[in-house]
Amino acid sequence: MRLLEYEAKEVFRTFQIPIPRGDVAESAEEAVRVAEGIGGPVVVKAQVPVGGRGKAGGVIFAENPEEAGEAASTLLGRGLRGLRVRRVLVEERLRIDRELYLGLTVDRRCRSYVFLASGEGGVDIEEVAQRAPEKVIKYAIDPLEGFRRHHARWVAKRLGFSGGLMMKLSEIAKRLYEMGVEMDAELTEINPLAQVGEGFVAADARLNIDDNALFRHGDLVQRYGGGELEGLSEAEREARGLGLTYVELDGDIGIIGNGAGLTMATLDTVNFYGGRPGNFLDLGGGAPPERVEQAITLLLNNRRIRVILLNILGGITRCDEIARGIVNARRKGGPIKPIVVRISGTNEEEGIRILAEAGLEISGSMEEAAERAVALSRGGWA
Amino acid sequence: MMRFVEEGTRVLVQGITGSQGRFHTRLMLEYGTRIVAGVTPGRGGEEVEGVPVFDTVFEALEESEPEASIIFVPAPQAREAALEAIEGGLDPIVIVTEGMPIRDSIEVIARARRRGITIIGPNTPGIIRVGACKLGIMPSGVFRKGRVGIASRSGTLTYEVASQISRIGLGESTCIGLGGDPVVGLDFIDVLRWFQEDEETEAAVIIGEIGGDAEERAAEFISGGGFTKPALAYIAGRTAVPGRRMGHAGAIVEGGVGTAEGKMEALRSAGVYVGELPRDIARALKEMMG
């Protein structure tokens, strides 16, 4: 779950990471009031879950409350990188002396968290890492030791700080780590971390929470659960609600598989035979009939999809349950589209029997099923 | 060397009374796996498929002396179950559980490593020593005793490739699912090192997918002479990129690697045969090994 900037900053505040004074506004009037409360120049930032807002014109500087109201009117309701802006964050304008980068993420190779820091913040840090890898400090954290104050001081010293600034910076680094772990972040970033005189302020904030850990953060889901959905299509939102992994593509063959690897391979195979996949839909492991039924209904109702291809290999998933889901979805009515099915594995015989009774033919292999689906998508019958 | 399972390994099933645990306990027993005990807190004294159920791993250890464990416990409790197994010294520990938080996986794997214990998974179909025993959920029907070892990041795609290798008569020796999560206990190199030593394995198949750099490192290991038997690979994910993008910091850590093309290229330059479609693997194996 990706939090919006103002949401992430609210979490930052509870972990005592310094953030600029400000508040979120949903109308020009509210923005004026927030700016009045701050007094002095402010910055008005569109709250949408995408990067590169500045470049896309989503960040406007304002000298006074009146200008802040105008900036909010400009941003609110407008589209930014395909998303409608529904809220803006109005914050005090910082007098920035220097911009740094701090981040915490998961390193698959080390099987641990890794702390990242750079003296070149504010810009695309990925680009810095490509151009000058020595400018990005990486500290792989021993999971059983954690990231202690002396590790944080080492990072701050490597960035060239000493004395009071080093102490302040290392404290923020340590709090970012503690927040990241406690909040189950798969990624958290401060970019830039602004040096303002003798202190530091998180000018921007990013916090992506591991979806698998949301059961531990029920309050957060309740408070912020809607924000990231703004980046999804209606069907993707619906799929999310059903617990399906679903990504929309622009082709006309609807693809359902179980397991990310097999589903991706099915897309690759359809593509190999010249077809165009319309989506990626992974049922996950052990899908009950209801989930299968919902997945098929989702694709039946998607007007771009002309053919549905199911490729299921039963392990923890049972073919008979898959078959029941398919039959139930067809029984429910709705648009009629050809469904190509390949099932194999756990309880395969029972699954094939159920499908045969419903008059559905089974393809013998994944390649055969893909070829058949491609032919059907072209209006022919394989 | 990692400790894997073999014929006669005494196995504990954690989460044995749940529907998945129960179902797969039966299938594992049918395959010949020697399951000596199960654990579900609060259900001690019951039996599942004739296997005694205990409340704790320690009681199971005292009464039934299991050596390895397989975990079917739901994600919110998987960390505790795994830590209990580690404390009991069970090795390997296969974590089938899907949806385990990354923070928990990191901790469990770190604690296991400190004690020299192998974690397979999480989110893994498990391990099968074909014809001997299986600690996992893979459908046994797709395997046939033979000479090819498979290491995979994807469960279901493994069944696809394995069933084709079985159909052409070559069959498999051992098949290991590394697990589909970003952080897992084993990587390809660990398994290749083991396949290199294993006399039953005459060739290895790597089944990878986009994301991370496990395939690239496997390629490095092979070109460095760490694995000298024939190696083949299939990488899923050329068409779409449904993999979650981890943002800037994630991309930095992975150093810009992780695309299907990059992985295929790395493996090809290490002399690995890389298939375009899953079925190409079995075809190429037949040519190589008859």
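This is a predicted model: local features need pLDDT of at least 70, side-chain atom pairs count only at pLDDT 80 or more; totals for chains, interfaces and linings use all residues.
Residues are numbered from 1 along each chain as its sequence is written, with chains lettered from A and ligands numbered from 1 in the order in which they are written.

**View 1. Chain A holds 13 helices and 17 strands.** Helices (H or I, at least four residues) and strands (E, at least two) are DSSP runs, numbered from the N terminus. The C-alpha trace of chain A spans about 75 × 50 × 40 Å along its principal axes. Of its 382 residues, 51% count as buried (20 or more other C-beta atoms within 10 Å of a residue's own, C-beta atoms being placed from the backbone).

**View 2. Here helix H2 (residues 28-38) of chain A meets helix H3 (residues 65-75) of chain A.** Their axes (lines fitted to C-alpha atoms over the stretch in contact, with angles from 0 to 180 degrees between N-to-C directions) come within 8 Å and cross at roughly 145°. Look for Ala28(A), Ala31(A), Val32(A), Ala35(A) and Glu36(A) in H2(A), which meet Pro65(A), Ala68(A), Gly69(A), Ala72(A) and Ser73(A) in H3(A); contact means C-beta atoms, placed from the backbone, within 7 Å.

**View 3. Chain B brings together 10 helices and 14 strands.** Its C-alpha trace spans about 55 × 45 × 30 Å along the principal axes. Of the 290 residues of chain B, 59% count as buried. Residues 24 or more positions apart account for 71% of the chain B contacts with a separation of 6 or more.

Note on methods:
A residue is buried if 20 or more other C-beta atoms lie within 10 Å of its own, exposed if 12 or fewer, and partly exposed in between; C-beta atoms are placed from the backbone. Two residues are in contact if their C-beta atoms, placed from the backbone, lie within 7 Å.
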